[in-house]
Each structure stands twice: as structure tokens, then as C-alpha cells.
Amino acid sequence: MKITLNKIVVFFITTLVFVSSCQKDKQEYNMDSGKGKVKLKVGGTSFARLDDNISSKASTGKNVITSAKVQLQEVSFNDEYKIIATLIPVGTSQPALKGSTRAEAVSNGAVTEPLEKGVKYTIEVYEKGNLNKFRQAKFFKHGVDDSDISFDLASGEYTLVAYGGDRGEPLSAYNNENFFRWQKDIKITEGENLNLNIVFQNTFASANITLNAENIGNIQSIGSLYVTPTYFSIGYNINYLTGLIKYEGPGRSVSIFSGMKPLSAIWTSDPLVLKSGPNKVEINLYNVVINGIEGQINLSGLTIEDGVKYDIQLKLGSKTDKTFKIAGLEFADANLYYDRNSDSYSFVNADNSYKRDGYFFPNYVKPKQRGFEGNNKPNSTINGNNGDPCELVQPLNKWRLPTKNEIEILLTSNKTILSNFNYFPPSASSKEREGVFFGIETHPSDRYRSFLFLPLLNYYTNSTSTTENPGEAGRYLLKNGNEFAQLALSLYRSQGVISTTGEPRIISQVPEDMALSIRCVKK
């Protein structure tokens with residue numbers, strides 16, 4: 001076969017291009033004979049991405065994540081308001097656990113963050129798979145002296161381990177620093193540059209707490225935040241080479257911060273490092289003041305996994321109804337009252353006894369207009385439609401009139417309930433709180449707001465004035481099938497001394513022209 005000079009030149013150029021292309025695939029050629037170079041760059045720190053990271057964590061010997069569920073709790077802020085707390089693991093998409101009135105999907109969030117400038121870390125080189133065979137180590141301060149990180153290594157296989165962060169503060173100080181770590185097996189070939197990006201894996205959990213109080217006003221102050229348990233450096237031990245944590249003892253309740261004054265409706269904490277070990281966790285915010293309203297937030301039984309980032313969202317709920325649960329019923333804490341100016345219904349504190357628009361004719365939704373001769377008997381123009389006025393309290397259809405049978409159970413179901421009422425005359429001249437307590441056999445003193453109390457507000461029968469003397473009687477409207485009944489409560493005076501003369505009683509009928517008090521129960 002005859003080969004021309006032109007063909008030789010073409011063959012030579014083609015071969016040169018092919019070899020050059022291969023060299024690019026193998027990265028730049030290193031002139032240091034017998035060695036290769038590994039170059040590293042820090043890309044940030046990372047938390048576990050729970051949707052896909054369980055198996056990889058297990059394979060590297062790290063503590064395995066067991067739960068990636070959203071946790072939801074509803075807890076009291078004070079007697080009037082509740083807190084809806086949602087603990088969301090960042091980096092997962094999961095529905096909320098049962099226990100909420102809503103089920104929602106939580107979208108993935110970013111789990112990789114920049115490493116702060118000035119954070120110290122160490123990179124060590126070992127023989128592959130043998131952390132007893134140390135080869136090299138270098139020390140860096142991020143953003144200061146780590147712009148060019150490299151190791152010249154002889155051909156072979158190695159394990160690189162990098163770690164830093166947690167300085168291990170003494171027992172008396174809470175340390176809000178995470179420990180982070182990275183590990184990778186590599187193979188070095190003579191004359192080759194290997195470029196790697198380090199993304200450190202955080203060892204401890206971290207959380208941002210957000211308190212949202214937009215529905216009532218600004219958050220004025222947060223007295224303190226406690227996390228229980230929290231481990232100090234003496235309570236845990238980290239193996240820097242394997243990343244495994246060993247916790248010792250029960251941990252302690254620790255104040256993470258105190259004296260915050262957000263002065264805004266939404267407040268978000270700085271990231272908090274949670275070193276709580278394998279225990280169920282409590283998070284408590286004390287002396288919280290929102291628009292002059294004081295309360296506290298107590299979360300308990302939380303599952304916090306090492307290496308996971310959480311968003312803890314605390315939302316102040318709407319004002320809650322204070323109720324009294326007794327004899328299978330849930331009573332409103334005060335009598336029903338109608339405001340003619342706003343055409344609205346509400347429950348008026350039992351301390352404020354005499355309310356002009358708090359006496360209702362049976363089967364009418366608006367109350368008797370007191371002092372007006374034209375309303376001694378029910379009148380649909382004044383007293384509205386037929387129906388149960390309890391159902392008109394906002395939100396609608398949550399309340400109703402109690403029934404005759406239910407009140408009979410309250411009064412007679414057993415000896416405890418039979419004797420569990422107490423007449424309460426504070427003084428002969430005071431009418432504001434004369435009435436009957438249920439659920440206690442003795443005077444409750446300053447605990448009087450903790451028990452069902454029906455004040456003696458009297459009643460009207462075809463008259464512009466009450467039928468009995470003020471403070472000596474009370475009548476409460478009850479349903480009795482399609483008809484109505486009444487709960488009668490009475491006090492009588494003997495030579496100026498108020499005394500009880502018998503038990504509360506039920507009267508099976510209600511005259512059409514009688515206007516009575518109403519105490520609603522929840523449906």
C-alpha cells in the first residue's frame with residue numbers, strides 16, 4: 001500500500017487532536033513526576049435532605065434519620081388564645097401529622113447554606129478505608145486563607161476527612177455552633193489534577209422559630225426561650241473521624257436567649273443549634289407579651305433528629321371560647337347577650353350580671369326590650385324570628401340551648417353531681433354575683449372563674465319589671481323536644497339573712513310571656 005506525505009500529515013494531526021481531547025477529559029497534566037494533585041473548594045454546609053438521604057447516611061455510618069414528618073401541636077397561649085405550632089423538617093415534602101384541622105403538603109426547602117467567614121476547619125488525608133493510617137493535615141479559616149486548597153499525593157487511594165465548627169464550650173456556656181463534617185474516598189493517578197467541592201454535613205439539628213401574631217398586633221417582648229434537654233460539651237462526645245455522637249446523661253434545661261423585644265407582628269429567631277440527643281424535646285417561650293396580652297408557649301414531645309434543619313412556625317390563633325365541661329356538656333362561660341346596635345350575639349362575663357338585652361322569650365331569637373310596655377309579650381317585630389338564639393353566635397351554628405334531659409343529668413345523675421352546686425351570695429347588698437356554682441361543694445373563693453356559675457338575674461312575666469326581688473331568683477331557658485322548659489334557681493331572705501331553701505329544679509313549661517336568661521352549650 002502506498003502512503004503519500006499528505007496522508008501522513010493528516011494522520012498525525014488527527015492523532016494529536018484525539019490525544020489532546022483525551023487529556024482534557026483527564027484534566028490538566030501535572031509535571032510533578034509520580035504524584036497527582038487534589039484541589040478542594042468549600043461549597044457550604046448542608047443539612048440532611050430527608051427524601052433521599054436516609055440510605056446514604058446509613059452507608060457512611062452516620063446516625064440514621066428515622067422521621068421526616070411534619071409535627072403539629074395546638075397549645076394554650078393563655079385562657080383566651082391558642083398557639084398553632086408546626087415543626088417542618090426542611091428538605092422534605094410531607095403531609096402534616098394527624099392532630100390538625102388541616103392536612104397540608106410542605107414543599108422542599110434549601111438545605112445547603114454558605115459557610116460563615118472566619119470559621120475554622122481541618123482537612124486530613126488517610127489511607128483509603130483506614131483512619132489509623134494518617135498521611136497529611138492542613139488547617140484553614142474560611143474566607144481568609146482557603147482560596148487555594150490543594151494536596152500533592154502519590155498515586156493511590158485515599159480517604160479525605162474535613163471537619164470543624166463546634167469548639168466545645170465549657171459546661172456553663174451554651175454553644176450555638178454546629179459541628180460539621182465531610183468525607184470522601186478518592187483515587188489519585190500520576191500527573192492528574194482532581195477537583196473536588198466540599199459541602200459539609202451538619203451534625204446537630206438547627207431550627208428557626210417564627211412567631212406570627214398578625215391577628216392581634218405587635219410582639220412586644222419575649223422573656224426567655226428554653227430548650228430541654230440541651231447537652232453542653234461535657235454531655236456529648238463527637239468522633240471527629242466518623243462523625244458519630246455519643247450522648248451522656250439526661251441533658252439540661254437551658255435558656256437559649258432572653259430579653260427579646262421584636263416590636264413587630266412577625267418575629268423570626270436566628271438559627272438555633274439544637275443539641276438534644278435522642279430524647280423527646282420541649283421548647284418553651286416564657287413571658288411573651290403581644291399587644292399587651294401576656295402568655296407563654298409550651299411545646300413538648302417533639303422529635304428532633306440530629307443533622308436536620310427545622311422551621312418551627314408558631315401562629316397565634318383566634319380568640320378561644322372559655323367553656324366549662326360538666327355532666328357531658330360544654331357550657332359557655334357567660335350568659336347570652338344581644339347587642340342591638342351591631343345586631344350581634346356574644347357571651348357576657350357572669351360578673352356583669354344585669355345586661356339590658358339578655359332576657360329571651362321562648363322560641364324567639366331576639367331578647368325582650370325591657371322597660372317597654374309594648375314588649376311585655378313576645379312580638380316578632382321586636383323579638384325577631386322563631387328559633388334558637390344560641391345558633392346565631394359567631395361563628396354560626398356552634399352553640400345551642402341545653403335540653404331539659406341534659407340539665408336533669410347535671411342535677412341528678414349521681415350523688416357527686418347532685419351535691420355539686422353551691423349558692424353564692426357575696427353579701428346582702430351585692431347582687432352582681434349571687435347565683436349557683438356547679439362542680440364544687442364549697443365556696444371557690446378566688447377560683448370562682450374556674451367553675452360553671454349561673455347568676456341569679458331574675459326573669460320577666462308580662463311586665464316591665466322583674467317578677468321576683470333582684471338577686472333572689474334566676475330562670476334559664478331549656479329545650480324540651482319541640483317545646484321549652486326552665487331551670488329555676490332561687491334564694492330567699494329570712495330576717496335579712498340570705499339562705500338556700502332547696503335544690504335547683506326544672507319546670508317543664510315556660511309561659512309564652514316569660515323572658516328568661518340563656519346559658520348556651522356547644523353542639
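Cysteine 390 is buried, because its relative accessibility is 0%, where buried means under 20% relative accessible area, exposed over 50% and partly exposed in between (1.4 Å probe, protein chains only). Cysteine 520 also counts as buried, with a relative accessible area of 0%. These two cysteines are joined by a disulfide. The structure is a predicted model, in which local features need pLDDT of at least 70 and side-chain atom pairs count only at pLDDT 80 or more, while totals for chains, interfaces and linings use all residues. Residues are numbered from 1 along each chain as its sequence is written, and side-chain values use heavy atoms, with hydrogens and water left out.

**Disulfide**

- One disulfide turns up in a search of the whole structure; the term stands for a pair of cysteine sulfur atoms within 2.5 Å.
- Between cysteine 390 and cysteine 520 the S to S distance is 2.1 Å.
- The link of cysteine 390 and cysteine 520 is left-handed, with -85 degrees about the S-S bond.
- The pair connects distant parts of the chain, 130 residues apart: cysteine 390 lies in the loop between α3 (380-383) and β25 (399-400), and cysteine 520 in the loop between β35 (514-515) and β36 (521-522).

**Whole chain**

- The chain contains five helices and 36 strands, taken as DSSP runs (helices H or I, at least four residues; strands E, at least two) and numbered from the N terminus.
- Of its 523 residues, 46% count as buried.
- Among contacts between residues at least 6 apart in sequence, 64% join residues at least 24 apart; a contact means heavy atoms within 4.5 Å.

**Helix α4**

- In helix α4 (residues 404-412), the buried residues are Lys404, Glu406, Ile407, Leu410 and Leu411.
- These residues lie on the same side of α4 because they cover an arc of only 160 degrees around the axis, the arc being that of the directions from the helix axis to the C-beta atoms.
- Asn405 and Thr412 are exposed on the other side of α4.

**Strands β30 and β31**

- Strand β30 (residues 473-480) is mostly covered, with six of its eight residues buried.
- β30 pairs with strand β31 (residues 483-490) in the antiparallel sense over eight bridges; pairing requires that DSSP finds at least two bridges between two strands.
- Glycine 474 has leucine 489 of β31 as its bridge partner.
- The two strands β30 and β31 form a hairpin with two residues between them, and glycine 481 in the turn has a positive phi of about 65 degrees.
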